[in-house]
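Thanks for asking me to look through this one with you.

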Amino acid sequence: MSLHPTLQPYADAWTHSIEAISELVQPLVEGEWNRRTPCPGWSVRDVVSHVIGLDCEMLGDPRPIHTLPRDLFHVTNDHQRYMEMQVDVRRHHTAPEMTSELEYVVIRRNRQLRNESRDPGTKVRGHLGTELTLEESMRAHAFNVWVHEQDLRAALGRPGNLDSPGAYVARDMLLAQLPAVVAERANAPRSSAIVFDVHGPLEFLRTIRVDIQGRGTLETVPALGPAATFTLDWETYVRLACGRVTPDAVADRVKAEGDPELTGAVLRNFAVTP
């Protein structure tokens, strides 16, 4: 295996999630591909199309030349337009076309990963003409594919893999965004601490400490006398952080203690995926 050890966890996470997705969609009949998922505006077919499109981009395939219809209510910005292209171009594909294309792109990606010898710091193409390192690209890809696996599981009533390799990548990606959520977007008081106590298949306790300058840092040490404490399960944490549900929709699954204005501001700004 020529893959750099730093990249191996992301390759493993992607492999686990993409195999789970293949297994989930292989037996679906035509009508089930149209089921709505928690991902705004997207059906099961749309989510699988997006995953195929993401892997095509990792392979360096040219993007489809396609004009989007004007009545897609969930497409409101350039990032969403960019992502919708790979989805809309497959909207009329049949179930066999979807599963065979997914299978083919997985074979090609596995071959690419087996032959991947580049350094993790190598610059690669990102979305909308951005540039990022190979490590950042593979980490984000493992995260995205796991989140979309969860979208499909929710739509199909097949929960699972909340503690898979992809779940740990997702945890670290989402936690990295938490200081900005608390300190910048929710404008938590300076010299304060906010605690997140997450239970379920993946458990962790994290503190966001806001310093005198208003900067937030992520700590594993529990805080004494925090300004607010959130207790919730891991699945709810993911759904909130990925914008799949509103805070009101899961109010019964989130215990928020502390100043109601502060806890409300944190929950309103909790979604971090575009």
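The points below start with how to read the model and then go through it region by region.

1. A word on the basis before the details. The model is predicted, so local features are taken only at pLDDT of at least 70 and side-chain atom pairs only at pLDDT 80 or more, while totals for chains, interfaces and linings use all residues. Residues are numbered from 1 along each chain as its sequence is written, and side-chain values use heavy atoms, with hydrogens and water left out.

2. Helices here are DSSP runs of H or I with at least four residues, strands are runs of E with at least two, and both are numbered from the N terminus. The buried residues of α1 include Tyr 10, Trp 14, Ile 18, Ile 21 and Val 25; buried means under 20% relative accessible area, exposed over 50%, and partly exposed in between, with a 1.4 Å probe and protein chains only. Among the elements covering these residues are α2 (44–58), α4 (95–114), α5 (134–156) and α6 (165–185).

3. His 141 belongs to helix α5 and is buried at 4% relative accessible area. Beyond four places in sequence, His 141 is in contact with Trp 14, Leu 54, Asp 55, Met 58 and Arg 109, where contact means heavy atoms within 4.5 Å. Arg 109 also has its charged end over the ring of Trp 14, 4.9 Å from the centre; the rule asks for NZ of Lys or CZ of Arg within 6 Å of the ring centre and within 35 degrees of the ring normal.

4. Helix α3 (residues 78–88) has its own set of details. Its buried residues include Tyr 82, Met 83 and Val 87, and α2 is among what covers the buried residues of α3. Arg 63 lies over the face of Tyr 82, 3.7 Å from the ring centre.

5. Now for the aromatic residues. There are 7 aromatic pairs, counted when rings of Phe, Tyr and Trp (its six-membered ring) have centres within 6.5 Å; planes under 30 degrees apart are stacked, over 60 edge-to-face, and the rest tilted. Phe 196 and Phe 230 are stacked, at 5.2 Å centre to centre and 10 degrees between planes. Phe 196 is in strand β3 (residues 192–199) and Phe 230 in strand β6 (residues 228–233), so this pair ties together parts 34 residues apart in sequence. Tyr 237 and Phe 270 are edge-to-face, because their planes meet at 85 degrees, with centres 5.0 Å apart. Both Tyr 237 and Phe 270 are buried.

6. Which residues form one aromatic cluster? They are Trp 146, Phe 196, Phe 204, Phe 230, Trp 234, Tyr 237 and Phe 270. The largest nonpolar core has 76 residues, and Phe 196, Phe 230, Trp 234, Tyr 237 and Phe 270 are among those touching the most other members. Such a core is a set of buried Ala, Val, Leu, Ile, Met, Phe, Trp, Tyr and Cys residues joined through side-chain atoms within 4.5 Å. Helix α5 gives this core its largest share, 10 residues.

7. Finally, some loop residues to check. Ser 164, between α5 and α6, is buried at 4% relative accessibility, and a polar atom of the Ser 164 side chain lies 3.1 Å from the backbone oxygen of Asn 161. Leu 128 has a positive phi, near 55 degrees, and is partly exposed at 47%. Asn 187 also has phi near 55 degrees, and is exposed at 60%.

Note on methods: A polar contact is a pair of N or O atoms within 3.5 Å; within protein, one must be able to donate a hydrogen and the other to accept it, and residues adjacent in sequence count only if both atoms are side-chain atoms.
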